[in-house]
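I opened my notebook to look up a few things in this model. Here is what I went through, entry by entry.

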Amino acid sequence: MGARRLLTLLDETGSTNDDALALGRAGAPHGTAIAARRQTAGRGRRGHVWASPAGNLYLSVVLRPRVAPSRLPGLAAACGLGVTDVLNKGQLKWPNDLLVQNRKLAGILVEAARDNAGEPFAVCGVGINVESAPRDLEAICLAELGAAPSFSPLAEALRAGIVARVDAWAAAPGGRPLDGIRDDYLSRLAWLGEKVRVLAAMDGVELGRGTFETVDPWGRAVVGGVAHASEQASLRPLR
């Protein structure tokens, strides 16, 4: 199946992640993707609503990396690198959203599931602010940066970029989540070496403050000598 046939383009849908999850459960192959110009029920990490106006790009890709379960927590980082490979802008906010000028350009959501045959797969959803960005969320769009690529070529480039990064990550030796990509991931991280606040993922309660020292091979952010998993915490700059 050719790359173009792996990508379905829509003017509007509820959620491209929901669409891709349905395709994955039905057995859709690795790299199958849905892209839409507008979503009516988009969502971000931890169930947050993702504003999805027309004029931007919403893409979800079915992924079936052949890796040991111990490596799967690194999938989100691999997907984030795939997005930066294509856009060639900004820095990754741990664990994997994309910032430019400390404003969000893209949100990335990876969801795991099993298909009807019981095989595991994942969906990587990406929302790119192309022509507009919600001002109340301190976001930025490609148009403000002087480039607003057309919908179809950008959707295919992102699909291919994410798949290529995931394939390279899956082929790398090692059993830890970030083996094969950690150095590249660290080179693209926002706030590394700076003072940050650590917030609880569920309620935003501050858990601590300190220097953002690194992300360890298991994908945990190390702040002030303490390792935090992305399921439990998020970071904000201390400014």
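I take helices (H or I, at least four residues) and strands (E, at least two) as DSSP runs, numbered from the N terminus. My first stop was Thr 16, which I found in helix 1 (residues 16-25). This is a predicted model, so I kept its limits in mind: local features need pLDDT of at least 70, side-chain atom pairs count only at pLDDT 80 or more, and totals for chains, interfaces and linings use all residues. Residues are numbered from 1 along each chain as its sequence is written, and side-chain values use heavy atoms, with hydrogens and water left out.

**Thr 16.** Is Thr 16 buried or exposed? Thr 16 is buried, with a relative accessible area of 3%; buried means under 20%, exposed over 50%, and partly exposed in between, using a 1.4 Å probe and protein chains only. I then listed what Thr 16 touches, not counting residues up to four places away in sequence: Ile 34, Ala 35, Ala 36, Gln 39, Tyr 58, Leu 59 and Ser 60. Contact here means heavy atoms within 4.5 Å.

I traced an open sheet of seven strands in the order 1-2-3-7-6-5-4, with mixed pairing (two strands pair if DSSP finds at least two bridges between them). Strand 1 (7-10) and strand 4 (91-93) are at the edges with a single partner strand each, so one side of each has no neighbour in the sheet. The twist averages 20° from one strand to the next; axes are lines fitted to C-alpha atoms, for helices over the stretch in contact, and angles run from 0 to 180 degrees between N-to-C directions.

Next I checked strand 3 (residues 57-63) against strand 7 (residues 120-128): they run antiparallel and are joined by seven bridges. Leu 63 has Ala 122 as its bridge partner in strand 7. Helix 3 (residues 151-171) packs on this sheet, touching strand 1, strand 2 (33-36), strand 3 and strand 7, and its direction makes about 30° with that of strand 3.

I also looked at helix 2 (residues 75-87), which lies across strand 3, strand 4, strand 5 (97-100), strand 6 (103-114) and strand 7, running at about 140° to strand 6.

I found another open sheet, of five strands in the order 11-10-9-8-12, with antiparallel pairing. Its edges are strand 11 (226-228) and strand 12 (233-237). The twist averages 45° from one strand to the next. Strand 8 (residues 195-200) pairs with strand 12 over five bridges, and Val 196 stands opposite Pro 237.
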